[in-house]
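Subject: Structure for you to look at

Hello,

Here is the structure I said I would pass on. My notes follow below it.

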Amino acid sequence: MTITLIGIGCGHKENMTLQALRAIEEADLVIGAARLQQDLKDLTEGKETVSAYRAEEILQILENRDYKKAVILFSGDISFYSGAGKLSALLDRSDVIKAKEGQILRLPGISSLTAFCAALGFDMSALTLRSAHGRDCDIIGALMEGTRTFFLTGGKETPATICRAISEAGLGDTRVWIGERLSYPDERITACTAGEAAGMSFAPLSVLIADRIPLRRRSLPGIPDAEFIRGKVPMTKQMIRMYPSSWPCAAAMYTRSRRIKMPRTCAGRTGPCSAAGTCLLQKARRRNPSWVCPALTKYLSAAAADI
């Protein structure tokens, strides 16, 4: 008995790998969401097909049906924000599947990220990746990473609602690219500003890339380092001097009060910071001189928004 998890790509069958096509051709049971079944109906004709997409439901079907080769269809790639991960874990723990000596195979597909970046000529390794499909997504926080940001959309979060959030944050001039129904004959790619896209409508199968936001350098409280006449005498940096050592880290306390997620390794999350107000991640500067304390960055950004 063989169970194969397949990423079928963006949707059109010509977007699939030869491995995936061969696995579907040899299967006697095909499971997947109704949309995926509809897209591949000419490949599954004469086979037993079941419309399902929830991991628990699929596992129950696999445990209670007789078959030699079953395939489970997933959109995009099974390793990129896919339900295949949860199903894989359930299959690995299933005593029924183990008793049937089931072999689990996993075949990748071309994700919407890959297809969209290829169409635009973008290097996807330089992007910040976020999913707003059925999960909470800090849209503005992602843009503050300083790189272009890719958003998977779906459900309540559409390209228009994401662009509306960007515009309401005063970033309506941000350049965005929206890809609709990638790989299908009616594929459409739109390039405009977030302010313009906020008033448009887009197909349910859409993704979005927002351009990087130039981050303004914010000044810190206190006397700048350059104002001191000290020659070669070592001196504590301004970022450290701005906090008395007995105080909790102001950045950590402020972001915590605003319920902004803090780095787990931040010493100031629960009490006085043992590094006199700076994040212990300061060690990262040895590897990356341009590194800035993420707690402090969020603190300055949120505090500026309140002024």
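Thr2 stands opposite Lys69 in strand 4. Please keep in mind throughout that this is a predicted model.

Strand 1

The pairing of strand 1 with strand 4 is parallel and runs over six bridges. Strand 1 is also joined to strand 5 (residues 103-107), again in the parallel sense, by five bridges. There, Ile6 has Leu107 of strand 5 as its bridge partner.

Is strand 1 enclosed or open to the outside? Six of the six residues of strand 1 (residues 2-7) are buried, so the strand is largely enclosed by the rest of the structure. Both of its faces are covered. One side carries Thr2, Thr4 and Ile6, the other Ile3, Leu5 and Gly7, and all of these are buried.

Aromatic pairs

How many aromatic pairs does the structure hold? There are three. One of them joins Phe80 and Phe150 in a tilted arrangement, with 6.1 Å centre to centre and 50° between the planes. Phe80 sits in the loop between strand 4 (69-74) and helix 4 (84-93), and Phe150 belongs to strand 7 (residues 149-152), so this pair ties together parts that are 70 residues apart in sequence. Phe80 and Phe150 are both buried.

Another pair is edge-to-face: Phe122 and Trp177, at 5.1 Å centre to centre and with 85° between the planes. This pair too links distant parts of the chain, 55 residues apart. Phe122 is in the loop between helix 6 (112-120) and strand 6 (128-131), whereas Trp177 is in strand 8 (residues 175-180). Phe122 and Trp177 are both buried.

Phe80 and Phe150 also belong to a cluster, linked by ring pairs, that takes in Tyr81.

Arginines over rings

Phe122 has a further neighbour: Arg148 lies over the face of its ring, at 4.1 Å from the ring centre. In another such arrangement, Arg181 lies over the face of Tyr184, with 4.2 Å to the ring centre.

Arg181 itself is found in the loop between strand 8 and strand 9 (188-193). Is Arg181 buried or partly exposed? Its relative accessible area is 28%, which makes it partly exposed. The C-alpha atom of Arg181 is separated by 9.4 Å from that of His12, a residue 169 positions away along the chain.

The second largest pocket

The second largest pocket has a volume of about 1200 Å³. Its lining is made up of 45 residues, and those nearest its centre are Arg35, Ser75, Tyr81, His133 and Leu152.

Helix 3 provides the largest share, three residues.

By residue class, the lining of the second largest pocket divides into 20 nonpolar, 17 polar and eight charged residues.

Regards

Note on methods:
Residues are numbered from 1 along each chain as its sequence is written. This is a predicted model: local features need pLDDT of at least 70, side-chain atom pairs count only at pLDDT 80 or more; totals for chains, interfaces and linings use all residues. Side-chain values use heavy atoms; hydrogens and water are left out. Rings of Phe, Tyr and Trp (its six-membered ring) pair if their centres lie within 6.5 Å; planes under 30 degrees apart count as stacked, over 60 as edge-to-face and the rest as tilted. Helices (H or I, at least four residues) and strands (E, at least two) are DSSP runs, numbered from the N terminus. Buried means under 20% relative accessible area, exposed over 50%, partly exposed in between (1.4 Å probe, protein chains only). A charge sits over a ring if NZ of Lys or CZ of Arg is within 6 Å of the ring centre and within 35 degrees of the ring normal. On a 1 Å grid over the protein atoms alone, a cavity is a set of points where a 1.4 Å probe fits but cannot get out, and a pocket is an open set with protein on both sides within 12 Å along at least five of seven lines; lining residues have an atom within 4 Å of a point. Grid points are joined across faces, edges and corners, and a volume is the space filled by probe spheres set on the points. Ala, Val, Leu, Ile, Met, Phe, Trp, Tyr, Cys and Pro count as nonpolar, Asp, Glu, Lys and Arg as charged, and the others, Gly among them, as polar. Two strands pair if DSSP finds at least two bridges between them.
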